Every structure is written in C-alpha cells, then in structure tokens.
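Biologist: I want to learn how to read a protein model. Can we go through it feature by feature?

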Amino acid sequence: PYARLRAYYPETPDEYDFYKATAKEDGANGRNEAWECYVSGLSPMNASELLRTIISFADGAPVIGWEPRLSAAEEAKRTYTVEGKEKLTDAEWAPTNSASRFFRVKVTMP
C-alpha cells in the first residue's frame with residue numbers, strides 16, 4: 001500500500017510509477033524487495049529482519065512455524081502455506097504436513 005511505502009520511503013514522489021519502482025527496491029536485508037517485506041510483515045529498512053522457518057518436534061513429528069509472528073489481526077490478512085520436499089532435487093514444492101525433509105513457508109496476501 002502507498003501509505004506503507006510513504007512511511008519507509010518518504011522521499012518517493014506521489015505518483016504511481018514512482019511507487020511501483022520503490023516497491024521493487026531491495027530491502028535492507030538484501031534478500032527481499034520492499035513489497036515482499038510488506039507481505040512478510042518485515043521492515044524493508046531493517047537489515048536483520050528475515051522471515052525464518054522454525055522446525056520443532058512434538059511426539060516425534062515435525063511442527064513447522066515461522067518468525068516473525070505478527071499480531072492475529074495482521075496474520076489474518078495473510079495466507080501461510082507450509083510446503084515441503086523429500087529431496088531438494090525434487091522439481092516442485094507441495095503443501096505438506098508430513099515428515100518431509102525440507103520445508104519452507106510461503107506467505108501470500110489476497
């Protein structure tokens with residue numbers, strides 16, 4: 001949203017093309033563009049902020065989570081999908097709750 005870009009990039013002229021270009025700028029973490037930081041709930045100005053996948057075990061089964069955890073209201077605006085692969089060489093990631101060996105958390109907004 002424009003308001004979020006204005007908060008982090010106040011020098012951006014109030015024109016659509018400039019907002020579009022600003023949204024595609026690299027965030028300070030060097031891994032995400034500004035729009036990806038918004039979707040993930042990260043600050044594009046904080047070099048240490050990353051979306052991290054957290055793996056713990058309960059009764060011998062993996063439990064996948066993520067950091068940072070946002071407020072319930074903010075998380076409700078997003079869809080979090082846990083995807084997995086048995087081998088990294090597998091072509092596709094797929095939604096999973098199984099004991100895959102490799103996991104990622106995909107964050108989207110409608």
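Predicted model: local features only at pLDDT ≥ 70, side-chain atom pairs only at ≥ 80, totals over all residues.

Biologist: Let us start with helix H2. Which of its residues are buried?

Modeller: The general idea comes first. An α-helix has 3.6 residues a turn, so residues three or four places apart point the same way. Now the case here. Helix H2 covers residues 16-23, and its buried residues are Tyr 19, Thr 22 and Ala 23. Seen down the axis of H2, these residues fall within an arc of 100°, so they line one face of the helix.

Biologist: What do the buried residues of H2 pack against?

Modeller: They pack against helix H1 (2-8) and helix H3 (34-40).

Biologist: Now the open sheet of three strands. What is the order of its strands?

Modeller: The order is S4-S3-S5, and the pairing is antiparallel. Strand S4 (94-95) and strand S5 (102-108) are the edge strands, as each pairs on one side only.

Biologist: How many bridges join S3 to S5?

Modeller: Seven bridges join S3, residues 79-85, to S5. Take Lys 85: its bridge partner in S5 is Phe 102.

Biologist: On to the loops. Where does Asp 59 lie?

Modeller: Asp 59 sits in the loop between strand S1 (52-58) and S2. Its phi is near 55°, a positive value in a residue other than glycine.

Biologist: Is Asp 59 buried or exposed?

Modeller: Exposed counts as over 50% relative accessible area. Asp 59 has 86% relative accessibility, so it counts as exposed.

Biologist: And which peptide bond is cis?

Modeller: The bond from Glu 67 to Pro 68 is cis, with omega near 0°. Pro 68 lies in the loop between strand S2 (61-67) and helix H4 (72-76).

Terms used:
Residues numbered from 1 in each chain as written. Heavy atoms only, no water. Helix = DSSP H or I, 4+ residues; strand = E, 2+ residues; numbered from the N terminus. Buried < 20%, exposed > 50% of the residue type's maximum accessible area, 1.4 Å probe, protein only. Pairing = 2+ DSSP bridges. Arc of directions from axis to C-beta. Contact = heavy atoms within 4.5 Å.
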